[in-house]
Each structure stands twice: as structure tokens, then as C-alpha cells.
Amino acid sequence: MEDNQIASLMDHNGTLDPACDTQECPVKQRCQEQREALPREPHCVICGRYGEYICDQTDEDICSIECKTILLARHEKTKNPRLNPAPLVKIPTNDECFYVKGNNKTDLGGLTSIQIESLRSKIELCIKGTSVPAPVLSFSSCYLPEKLEKNLESAGYVIPTPVQMQAIPAALERRNLLVSADTGSGKTASFLVPVISYCSSIRLRHVTGQKNPLAVVLSPTRELCIQVEEQAKLLGKGLPFKTALVVGGDPLAGQIYRIQNGVELIVATPGRLIDLLTKHDIELSEVSILVVDEVDCMLQNGFRDQVMRIFQALSQPQALMFSATVSKEVERMASSMADDLIFISVGKPNRPSNSVKHIVIWVESKKKKQKLFEILMSKQHYNPPVVVFVGSRLGADVLSEAIFTATGIKALSIHGEKTMKDRREILRQFLTGEISIIVSTGVLGRGIDLLKVQQVIIFDMPNSMEEFIHQVGRASRMGEEGTAITFVNDEDKKLFRELVQNLKSVGAAIPKELANSKYLSAYGFSQPRKRRKYGS
Ligand SMILES: Nc1ncnc2c1ncn2[C@@H]1O[C@H](COP(=O)(O)OP(=O)(O)OP(=O)(O)O)[C@@H](O)[C@H]1O
């Protein structure tokens, strides 16, 4: 090894190697020679192994000369993106043939920095953070395991969506991310692709030993967890990638058994995961990625303490945080949780989806049912399958029965009081077209990919504009057109200001009762003042 290479690597104690005070232990040349990091030890910023050394030029933790070279090349590339990507390295595997460049790094796809900026602006990508990798135009530029690429293709994912173009390469570089993108824009695969890629590459490198979980996805509802786990299974098919679902309602024993038999990913609701960790011996010390889906909801009172407990129980995992609605407050909390965070936002943040046609109807509470029945019986306005959102569990049960009695259309209700078995069965019937109307509380409001939903009816306005945006988002996935019909009256006055702003931003008509409401100005929204002329 060159003297200057040795001199340019420092271990964390300021000596050459922490394992011995003498210079007998040579500096590790190759990343494969380095061991995995133990809890609370530094991680190599390139490959995630034990970050035994500090790079003298960047002050970052690295495990070997090899990773230092990649790190410096990466810095160089950010300064000069025209440089050629490093050559491909083929690594031998068991049943899986997959290629990595360096250590699963993405390349710049030959794009110049001007092209990168122009691409970002075309797909309305807004980035905050340092050394952000370039977006990719295809999944193949990410050097994913071959089988993962095939699975993406089989799932119909031909090209990445805008959020995937930027979030996947950044996550593959093991960066902490906060991502805000429209409902239905493909955020789930934005985190699952890097998770599956990371987990399977670790397993392919270390074929023996205990298979402790390597990644955790936290989601607020059981339905969402089920959906994420199903998508993870689909995309991870044929790879060394097993999943465990940890949610309330399903027997705990089965969940523990599955984890103890070796899984790569746990998809969990926070409460149930804490339950599992406190009462049972589940080893999470190897978890290197924590995904917090619906992060705005997860950092609110109620979930925040649980999420923070899980985060602190892990050893400095890479944090990937996603939602369609990310406020400044969430941005601040996320930055305090994760170092050197990249904030990616796609499109106009915190706005209802543009692909949804909005119809807002002013209707007094006691007339809402009648109005709903009229819509459901009108050939022109009823566009099944439909999700009707209401504010309470009882309301959901009562309304679903009333719909059947008044219109003859079978409707089922779904809410947190129903058993997991019932909730699964109702979703199954809905997805297979056996029933065309679901009346739901907020449980289906977030994330659930009700693929064929054409119409959402917001019967009761939710408590916040964020929830409204998520509920409306169920009507349109991947830019397909859908309709959201919202009932509004004076009982929703607290949301008038934000509602009007949001509706204006997507060009929706505003009912005159809402536009002229005294509560608009009472809650701080007023018409622009006429300019007064001075001096005449
Ligand atoms: N690259 C892609 N090509 C084609 N379809 C895709 C692609 N990525 C995702 N999809 C599909 O788009 C739909 C919406 O994706 P997804 O559920 O991940 O949206 P989301 O952004 O998480 O929405 P929400 O905020 O509502 O949770 C899904 O049916 C998914 O299978």
C-alpha cells in the first residue's frame, strides 16, 4: 500500500487501527475484508460496514481503501458530473446473478449537470441537501439485482415515476431522505426498491448465520402495512428477501415465529412493534434501514413517541421518510432525527392531486344522506367503485346500511373496530368488484391503493386539510382521472380558509355559500384589499 494512502486514513482513535495499537494490523484494502458494524459503531458511508477509519479529505466514516476511493470519486463526480462511471464489477452469487457498480451505486447516466437540472425542473423535482445523486431515467441505471428489475417489469413498472427517479438513487446511496410527493405517485416502490436491493445484497454476501431483520417499514394502519408487505413480496420474489407483518389483530405468536425463522424486512404498525420488542426477544441490532411511511401522521402526537422509541432502539439506521403532505414542522423534526438529510419534493407540495376532478357541494348536515343517495342513483354522477369517507365508526355502519335500503346498492363499512379478518374480506370483495361502495372512516384515507376507485365522496370533512388531501388522493392513482365529491357546510368552518386555497390551486369551482362565508374572513382569509391612492 502506498504510504500516502495509509497516511490519509485515520482510525477513530487517531491510530491506524483500533484493533491494535501497533501498526501490525494493515489498513483494510477491500471492503469485503471489513466486518459488519456493531450497534453504536460508525458505519462506512459507502457500504454500511464498520466505519473503522475517517477519510482525511471528507471527514466521513469509511471501512477500507476501496470505499475511500469510491467516496472520493463520488465527490469528484458531483463536482464534475461528466466523468465516466466506474467499471462494472461482477460478483459471484448463489442462484442470483447480479451486477453492482462499486457498491450498488447509481451512475449519472451520462447526464451533465445542466441536463440534470433541466430534468429535475421538467418533472417538478425540488431538492434540498448536499451531494444529491442525479435522478435516473430507468430502473436499469440503478444496478439493481437482476431479479428485482425483472419483478419491476412484471409488475408493469416500465419507467420510474418522477419521485422514484430521484428517491431510489438517493436511497441506494444510503442517504437519509424526507420525500414529499402526490398521493398515488409511486412512493411505496421508492422505498421498497432500495430496501429490497440492500437486504438481498447483504444476504447474498453473507449466506450463513442467523437471519435477523435488516429493515423496518412503519405505517400508521394495518391495511397500509398489509398493502406494503404485499408489494414488498411481489417485488422481492425470487430474491433472498422474506417479510414479516407485525400488526394488531393477527396472532402475535405467528409473527414472532416468522421473525425468529429469519426475515429481512418487518412491516409494522408502531404500537404492535413496541409490544413485540418489550415482551419478546426480537433482535433488531442489524436493522440498517428504517422507513417511516406517512411520516407527517407518524410524527404527530399519538404516534411520535412510539416512532422515536423504535428509532432510538435501532443503531443509527438510514431513515427514509415519505408522505404526500409534509409541513415545515415535519421537515424540522425529520432533520433533527437524521443527519445530512436530503429533502425531495415532487410537484406542488401539500396540494390535492391535480388528476382529481373536484366537486364541492354545500349541503346542510341533515340533508347529506339524501344528497348522497341522489348521487348514487344518478347515472350521470355515480361512477363506481366508490369510497365514501365519514367521521365515525357508527356513522360508517349506519350509512352503509342506509345506502342499501335507499338505493339497493350493496355497501359495506370499514373501520378500526372491525376484526382484521373482516377488514381483509371487505377489501377483497371491493377489489374483486363484488361490492362497489365502501363507507370508511380514516382507516382507508392514507396510502391504500384502491386501484380501481374512480370516485371518492367526502361525506364528513376530516379534521385536517392533510387528511382531506390523502382521502381525495384515493380517487386517482398514477395520474388516472378520478372524481372527488366533497360535502361542506358551516360545521367545517375551521378548514374553510385552507380548503378554499387548495381548491383554487387546482382550479376547482367553489360553491357560493363557501366563497361568501363569514367564516372565511373570521379565520384569517379575506379578499385582497383595494389599493388606496395616496397624495391625491
Ligand atoms: N414506476 C411505476 N410504473 C407503473 N406503475 C407504478 C409505478 N410505481 C408505482 N406504480 C403503481 O402506482 C400506484 C400508486 O403507487 P403507490 O401506492 O406507491 O402511491 P403512493 O405515492 O404511495 O400514494 P399514497 O400517498 O396515496 O400512499 C400503485 O398501483 C403502484 O403499483
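Which residues does Val195 touch, not counting residues up to four places away in sequence? They are Ala215, Phe241, Leu265, Ile289 and Val291, where contact means heavy atoms within 4.5 Å. This is a predicted model: local features need pLDDT of at least 70, side-chain atom pairs count only at pLDDT 80 or more, and totals for chains, interfaces and linings use all residues. Residues are numbered from 1 along each chain as its sequence is written, and side-chain values use heavy atoms, leaving out hydrogens and water.

**Val195**
- Val195 sits in helix α6 (residues 187-205); helices are DSSP runs of H or I with at least four residues, and strands are E runs of at least two, numbered from the N terminus.
- Val195 has a relative accessible area of 0%, so it is buried (under 20%; exposed is over 50%, partly exposed in between, with a 1.4 Å probe and protein chains only).
- Val195 and Leu265 are 70 residues apart along the chain, and 8.2 Å separates their C-alpha atoms.

**Helix α13**
- Lys368, Leu372, Phe373, Ile375 and Leu376 are buried in α13 (residues 368-377).
- They lie on the same side of α13, because they cover an arc of only 160 degrees around the axis, taken from the directions from the helix axis to the C-beta atoms.
- Their cover includes β14 (356-362), β15 (386-389) and α14 (393-407).

**α13 against α14**
- The contact uses Lys369, Leu372, Phe373, Leu376 and Met377 of α13, and Val398, Leu399, Ala402, Ile403, Ala406 and Thr407 of α14.
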